[in-house]
Amino acid sequence: MSAGCLALAVSAGAEEGVADPELAQAAARFNQERRDLIASNLQLTPDEATRFWPLYERYQRAVGVLIERRRASIAEFGENYDEMSEAEAKKFIRDRIELTEQRFRLMKQYYLEFEHALPVKKLARYYQIESKIYFSVEAGIAEEIPLVK
């Protein structure tokens with residue numbers, strides 16, 4: 001399994017109770033590595049950390065819902081790949097667009113809350129880190145998904 005697909009599979013969240021123990025462990029590792037990367041790059045003061053981490057957890061749960069929907073969309077794509085109808089292709093495109101829009105709406109929605117938790121430069125850095133992680137995962141997923149026939 002590629003890094004992108006592994007990340008997609010596990011990033012929906014270990015706390016949601018993944019049935020496969022190996023996948024649950026991978027999810028926990030992925031989430032911890034993500035958190036460690038953010039912590040090491042933000043270098044939060046104790047006061048900032050008290051405000052930031054609960055908000056971060058809430059945001060990640062909300063993102064996890066979108067990740068699960070993306071995973072389901074990709075699984076449906078895989079099921080229909082060999083004999084994809086026009087309607088299924090159209091649905092796949094619309095799902096991807098809608099999920100991208102929802103991700104950006106979520107970022108915008110949480111921005112105001114994060115702005116109260118962090119100084120603006122640290123917030124900008126946090127959003128940069130999230131973007132780098134997101135696009136890295138997206139690149140891995142894109143490598144694994146074949147083009148529509």
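**Pocket, cores and cavity in a predicted model**

The largest pocket has a lining of 18 residues, and Ile67, Arg70, Arg103, Tyr134 and Glu138 are the ones nearest its centre. The structure is a predicted model. Its largest nonpolar core has 28 residues, and the count of cavities of 30 Å³ or more comes to one.

**Largest pocket**

- The volume of the largest pocket is about 310 Å³.
- Helices α2, α3, α4 and α5 each contribute at least two residues to the pocket lining.
- Helix α3 gives the most to that lining, with six residues.
- Sorted by class, the pocket lining consists of nine nonpolar, three polar and six charged residues.

**Nonpolar cores**

- Within the largest nonpolar core, the residues that touch the most other members are Ile38, Leu42, Phe52, Tyr59, Phe114, Leu118 and Tyr126.
- At least two residues of this core come from each of α2 (21-42), α3 (46-80), α4 (86-117) and α5 (120-144).
- The most is given by α3, which supplies ten residues to this core.
- Phe52, apart from its neighbours within four places in sequence, is in contact with Ile38, Leu42, Leu44, Phe114, Ala117, Leu118 and Tyr126.
- There is also a second, separate core of five residues, with Phe77, Tyr81, Met84 and Ala89 among them.

**Largest cavity**

- The largest cavity holds about 60 Å³ of space.
- Its lining is made up of Ser73, Glu76, Phe77, Asn80, Met84, Glu88, Lys91, Phe92 and Asp95.
- The elements giving two or more residues to this lining are α3 and α4.
- By class, three of the lining residues are nonpolar, two are polar and four are charged.
- Phe77 and Met84 line the cavity and are also members of the second core.

**Lys121**

- Lys121 is part of helix α5.
- Lys121 counts as exposed because its relative accessibility is 72%, and the cut-off for exposed is over 50%.
- Lys121 and Leu42 are 79 residues apart along the chain, and their C-alpha atoms are separated by 9.6 Å.
- Leu42 is itself one of the residues that touch the most other members of the largest core, and Leu42 is in contact with Phe52.

Conventions:
Residues numbered from 1 in each chain as written. Predicted model: local features only at pLDDT ≥ 70, side-chain atom pairs only at ≥ 80, totals over all residues. Heavy atoms only, no water. Core = buried A, V, L, I, M, F, W, Y, C linked by side-chain atoms within 4.5 Å. Buried < 20%, exposed > 50% of the residue type's maximum accessible area, 1.4 Å probe, protein only. Helix = DSSP H or I, 4+ residues; strand = E, 2+ residues; numbered from the N terminus. Contact = heavy atoms within 4.5 Å. 1 Å grid on protein atoms, 1.4 Å probe; cavity = no way out; pocket = protein on both sides within 12 Å on 5 of 7 lines; lining within 4 Å. Points joined across faces, edges and corners; volume = space filled by probe spheres on them. Nonpolar A, V, L, I, M, F, W, Y, C, P; charged D, E, K, R; others polar.
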